[in-house]
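Here is a protein model to walk through.

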Amino acid sequence: MTTSNKSPFVIGQIEGYSKEFSNLISMMNYARETTIWEVENLSVEELDFRINGTGNSIGMLLAHFVAVEKIYQFLTMDGKDLPDEEIDRYAETLQPALDLGEAGTIINGNTAEFYLEDLKKTREITLKNFQKLPDSWLYETTPWWNNELGNNYFKWFHVFEDEINHRGQIRIIKKQYERANASTTTQA
């Protein structure tokens, strides 16, 4: 997953990228690798499990990571000045994964390999685009949340920060799945 031979625990220069992008990518790689470690061996049943039949499944959260990254590719690289209705049209195909909860329940039945491949392909597009951009792009600001300015560095920080937050949710879901199956095994 890393774009260099370095440990995921080293933030530093990555061949083919500027210093600033190398630092950002190093952090993104760490977040992604630790996500992969959590999910790579899960079964479809584990990926589709929802605590008490509600909330998010791990598969839904993995699809969410892809959707968020694709939206941020669009917002920061392709169409940051497009009208809301065009952004909404783009988001429509990703909406269940963005919204999660009941809207995301259509996301199920996929293997870990399916989700990991989708994550990989989406990240490859991000990395290819990052190679073309100057460091100054990271510091470009546009209106963002609550009438505040946000720069592209923050926006891409948010992409992996969102993944880290939801990875905590993945760990909780895994523990609840184990408990649910332990009680089922005990009752049998």
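The largest pocket in this predicted model has a volume of about 180 Å³. Which residues line the largest pocket? The lining is made by Ala63, Val66, Ala67, Lys70, Thr93, Leu94, Pro96, Ala97, Ile107, Phe114, Tyr115 and Asp118. Sorted by class, nine of the lining residues are nonpolar, one is polar and two are charged. H3 supplies the largest share, with four residues.

Now turn to two of those elements, H3 and H6. Two packed helices are described by the angle between their axes and the distance between the axes. Helix H3 covers residues 58-78, and helix H6 covers residues 112-132. Their axes lie 10 Å apart, and the packing angle is about 20 degrees. Angles under 35 degrees count as roughly parallel, so H3 is roughly parallel to H6. The crossing of H3 past H6 is left-handed. On the H3 side, the contact is made by Gly59, Leu62, Ala63, Phe65, Val66, Glu69, Lys70, Gln73 and Met77. On the H6 side, it is made by Tyr115, Asp118, Leu119, Thr122, Arg123, Ile125, Thr126, Asn129 and Phe130. Nine residues of this H3 and H6 contact are nonpolar, five are polar and four are charged. Some names return from the pocket. Ala63, Val66, Lys70, Tyr115 and Asp118 are among the lining residues, and they are also among the residues of this helix contact.

Next comes helix H1, residues 19-39. How do H1 and H3 run, parallel or antiparallel? Their axes come within 12 Å and cross at roughly 160 degrees. Angles over 145 degrees count as roughly antiparallel, and H1 and H3 are therefore roughly antiparallel to each other. This crossing is left-handed. Arg32, Thr35 and Val39 of H1 meet Ile58, Leu62, Phe65 and Glu69 of H3. The residues of this contact are four nonpolar, one polar and two charged.

H1 also packs with H6. Here the axes come within 12 Å and cross at roughly 180 degrees. That angle makes H1 roughly antiparallel to H6. H1 brings Phe21, Leu24, Ile25, Met28, Asn29, Arg32, Ile36 and Val39 to the contact. H6 brings Ala112, Leu116, Leu119, Arg123, Thr126, Leu127 and Phe130. By class, the H1 and H6 contact has 11 nonpolar, two polar and two charged residues.

H3 is roughly parallel to H6. H1 is roughly antiparallel to H3, and roughly antiparallel to H6 as well. Arg32 and Val39 of H1 take part in the contact with H3, and they also take part in the contact with H6.

Terms used
Residues are numbered from 1 along each chain as its sequence is written. This is a predicted model: local features need pLDDT of at least 70, side-chain atom pairs count only at pLDDT 80 or more; totals for chains, interfaces and linings use all residues. Side-chain values use heavy atoms; hydrogens and water are left out. Axes are lines fitted to C-alpha atoms, for helices over the stretch in contact, and angles run from 0 to 180 degrees between N-to-C directions. Helices (H or I, at least four residues) and strands (E, at least two) are DSSP runs, numbered from the N terminus. Angles under 35 degrees count as roughly parallel, over 145 as roughly antiparallel, 65 to 115 as roughly perpendicular and the rest as oblique. A crossing is left-handed if the near helix is turned anticlockwise from the far one by less than a right angle, and right-handed if clockwise. Contact means heavy atoms within 4.5 Å. Ala, Val, Leu, Ile, Met, Phe, Trp, Tyr, Cys and Pro count as nonpolar, Asp, Glu, Lys and Arg as charged, and the others, Gly among them, as polar. On a 1 Å grid over the protein atoms alone, a cavity is a set of points where a 1.4 Å probe fits but cannot get out, and a pocket is an open set with protein on both sides within 12 Å along at least five of seven lines; lining residues have an atom within 4 Å of a point. Grid points are joined across faces, edges and corners, and a volume is the space filled by probe spheres set on the points.
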